[in-house]
Amino acid sequence: MYIPNELVDRVIESNDIVDIIGTNVQLARRGTNYVGLCPFHNEKTPSFFVSRERQMYKCFGCGKAGGVITFLCEYENLTFREALKELADRAGIKLPEEDDSVQARQERKVKDGILEANKEAATYYFRMLRSDKGQQALKYLTDRGLSRETINNFGLGFAGRSGGGLYEYLKSKGLSDEILKQTGLFSFSEKGVFDKFWNRVMFPIMDSRGKVIAFGGRIMSEVKDAPKYLNSPETKAFVKGRNLYGYHLAKRTHKDHVLLCEGYMDTIALHQAGFDNAVASLGTALTPDQAMLIARISKKVVITYDQDQAGRNAALRAIPILKDKGISVSVLEMTPYKDPDEFIKNLGADEYRKRIEAAKEAFFFEAETLHQTVEDNVDSKTGFDHEIARKIAFIDDPLERSNYINAVSKKYDIDKKALLETVNKYGLEAENIKLARETHEMVVQQRNKMIKPEEGQLLAEKLLVSMLANEKRLFAKAKGLVGAADLSDPMCSRLFEIVFDLYGDGREIELAKIVNRFDDAEEQREVAEILEPSMYREKYGEKELDAAFADVVVRVMTNSIEAKMALATADKDAEAFTDLMTRMKKIDEVHRKLLVSDR
Ligand SMILES: [Zn+2]
């Protein structure tokens with residue numbers, strides 16, 4: 001879906017950058033500017049400047065700079081579109097919907113309804129915890145060492161002892177049964193409607209924007225057959241494995257690493273102790289989607305799972321998933337304590353900080369865990385050596401490989417030469433896997449080309465080719481930004497390639513010669529029609545040409561990225577998806593650069 005540039009401009013103009021940044025960073029007036037401590041790097045004296053006049057910000061410490069959209073993208077880790085949506089919502093401007101079909105609208109309606117119900121439910125639980133009925137639950141939380149402030153920050157609540165109250169409350173807020181059925185908070189039967197959560201401390205689960213998408217509940221007293229922790233089922237607003245507990249807070253901290261822990265209480269205890277970069281994977285094994293979320297905010301993770309065998313196994317499973325997203329991983333030791341909560345209660349935050357610094361690189365953690373299973377015989381030892389060699393073979397960087405070979409041969413008494421040989425042998429296997437991956441990416445690209453363009457898109461592609469063929473100076477602007485593969489119409493893509501090749505060879509374009517490259521009369525007619533300059537000269541005057549060109553390039557780029565994103569989603573290729581998001585974020589920058597006339 002394309003958002004016209006005028007609309008983007010209107011959204012930007014309707015928001016004041018000082019207000020937007022001011023809600024996140026404390027700013028003080030200095031002359032015509034505002035200054036504050038930079039949210040993107042650590043500093044004690046302010047070097048972060050915001051200009052109301054120019055609607056720009058710049059940090060003289062780390063060099064980060066931009067406009068209101070760049071700020072939201074960087075600070076909140078939003079995509080360009082998400083940032084635009086947030087600003088549009090603030091200003092009460094309606095953006096065109098991504099998919100305007102009846103079904104899509106209906107689904108959005110349900111999702112919004114569930115979010116609304118969740119928000120009200122969170123308020124209900126929140127008040128219940130602070131009422132007379134919630135005293136036992138509140139005592140439980142304070143006994144576990146949580147401060148009032150922490151309890152408020154995480155919006156903790158209590159589902160009443162007997163249940164039933166939430167349904168009445170939400171009905172009184174005007175929410176329909178149709179929506180309430182889909183929230184997963186109730187069971188509807190002939191006998192009536194029952195709250196699923198009762199007599200539990202409630203943990204609202206929020207998405208990256210801080211919207212309540214689900215709940216976790218911890219039971220207050222032992223009830224036969226009742227699970228200790230109960231989570232909301234999946235709904236239209238909540239897909240398990242796509243969210244992390246504490247993420248909406250952790251993403252704002254901009255620390256150089258993320259702490260990955262197991263559950264609600266660990267996350268909360270860590271935040272309370274000042275480690276506000278902690279997230280938890282919500283009662284499931286870490287998923288690639290969750291790893292991708294983490295990669296959006298940091299490329300370094302310290303795993304702080306429970307010290308028991310289950311925790312070690314969970315860490316071993318999480319390591320490759322994180323590494324696959326380009327994240328470097330280390331594992332934290334909390335001996336003699338079981339988890340972060342217990343550790344900090346006994347030894348304090350400073351000791352915990354030391355453990356973070358001493359956290360073991362994932363490779364050595366894996367090697368050590370493996371080594372614990374080695375028995376005192378040659379077979380077992382050889383099996384271990386092979387497994388280690390195989391692991392080293394999969395490391396891309398040759399220097400890193402060599403460092404590991406040195407370290408491991410010493411630590412586990414393995415002959416270095418033999419280890420090196422074995423690593424090289426397994427290296428072949430690693431190469432093959434890499435090759436298979438690249439081939440897969442090529443297939444995705446081929447499929448991408450086959451997607452049928454919609455009408456407006458086709459027009460944009462034709463305009464792009466025509467402008468390029470007739471205005472040589474535009475070639476320099478488009479070079480490096482768009483390629484033939486970004487055009488979805490096969491004919492436009494082919495013409496683009498021809499035009500680019502000719503310019504690339506330093507030659508002039510003669511339309512007739514290009515037309516003559518095609519044998520088929522029908523194709524010749526089509527080519528001539530596309531390349532004919534009146535196509536755009538009738539629409540745009542000489543002065544408007546640069547702006548029109550910028551729009552067309554951005555449109556083609558956006559469409560290409562979106563098509564690839566759809567494929568990456570279908571293929572569950574989170575890595576590609578992240579790359580595409582980074583490209584998408586840069587689009588407004590590209591647009592601005594294109595607008596600068598070179599005449
Ligand atoms: Zn800075």
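## Basis of the model

Because the model is predicted, local features need a pLDDT of at least 70 and side-chain atom pairs count only at pLDDT 80 or more, while totals for chains, interfaces and linings use all residues. Residues are numbered from 1 along each chain as its sequence is written, and side-chain values use heavy atoms, with hydrogens and water left out.

The predictor's confidence in each residue is given by pLDDT, on a scale from 0 to 100. The protein averages a pLDDT of 86, and 93% of the residues score at least 70. Over residues 446-453 the pLDDT stays under 50. For that stretch the model has 14 contacts beyond four places in sequence, a contact being heavy atoms within 4.5 Å.

## Overall make-up

The protein has 27 helices and 16 strands. These elements are DSSP runs numbered from the N terminus: helices are H or I with at least four residues, and strands are E with at least two. The C-alpha trace spans about 85 × 75 × 60 Å along its principal axes.

Of the 599 residues, 47% count as buried; the term means under 20% relative accessible area, with exposed over 50% and partly exposed in between (1.4 Å probe, protein chains only). The protein exposes about 30,700 Å², of which carbon and sulfur atoms supply 51%; the areas come from the Shrake-Rupley method with a 1.4 Å probe. Among contacts with a separation of 6 or more, 65% are accounted for by residues 24 or more positions apart.

## The antiparallel sheet S1 to S5

Five strands form an open sheet in the order S1-S2-S3-S4-S5, with antiparallel pairing; two strands pair if DSSP finds at least two bridges between them. The edge strands are S1 (28-30) and S5 (65-66), each of which pairs on one side only. S1 and S2 are paired over 3 bridges, and Arg30 stands opposite Asn33 in S2.

Strand S2 (residues 33-36) is joined by 4 bridges to strand S3 (residues 48-51), where Phe48 is the bridge partner of Gly36. A further 4 bridges join S3 to strand S4 (residues 56-59), and here Phe48 stands opposite Cys59. The hairpin of S3 and S4 has 4 residues between the strands, and Gln55 takes a positive phi near 55 degrees in it.

S12 pairs with strand S14 (residues 300-303) in the parallel sense over 3 bridges, and Val258 stands opposite Val301 in S14.

Helix H12 (residues 288-297) is mostly covered, with 8 of its 10 residues buried. Its buried residues include Met292, Leu293, Ile294 and Arg296.

## Aromatic pairs and charges over rings

The structure holds 29 aromatic pairs. Rings of Phe, Tyr and Trp (its six-membered ring) pair if their centres lie within 6.5 Å; planes under 30 degrees apart count as stacked, over 60 as edge-to-face and the rest as tilted. The rings of Tyr124 and Tyr125 have centres 5.9 Å apart and planes at 65 degrees, so this pair is edge-to-face; both residues are buried. Phe343 and Tyr352 also form an edge-to-face pair, because their ring centres are 5.8 Å apart and their planes stand at 65 degrees. Phe343 is buried with a relative accessible area of 0%, and Tyr352 is buried with a relative accessible area of 0%.

Ring pairs link Phe40, Phe48, Tyr57, Phe71 and Tyr75 into a cluster. The charged end of Lys64 sits over the ring of Phe40, 5.7 Å from its centre; this description requires NZ of Lys or CZ of Arg within 6 Å of the ring centre and within 35 degrees of the ring normal. The charged end of Lys181 sits over the ring of Phe188, 5.5 Å from its centre. Phe188 stands opposite Val193 in S8. Strands S7 (residues 186-189) and S8 (residues 192-195) run antiparallel and are joined by 4 bridges, with a hairpin of 2 residues between them.
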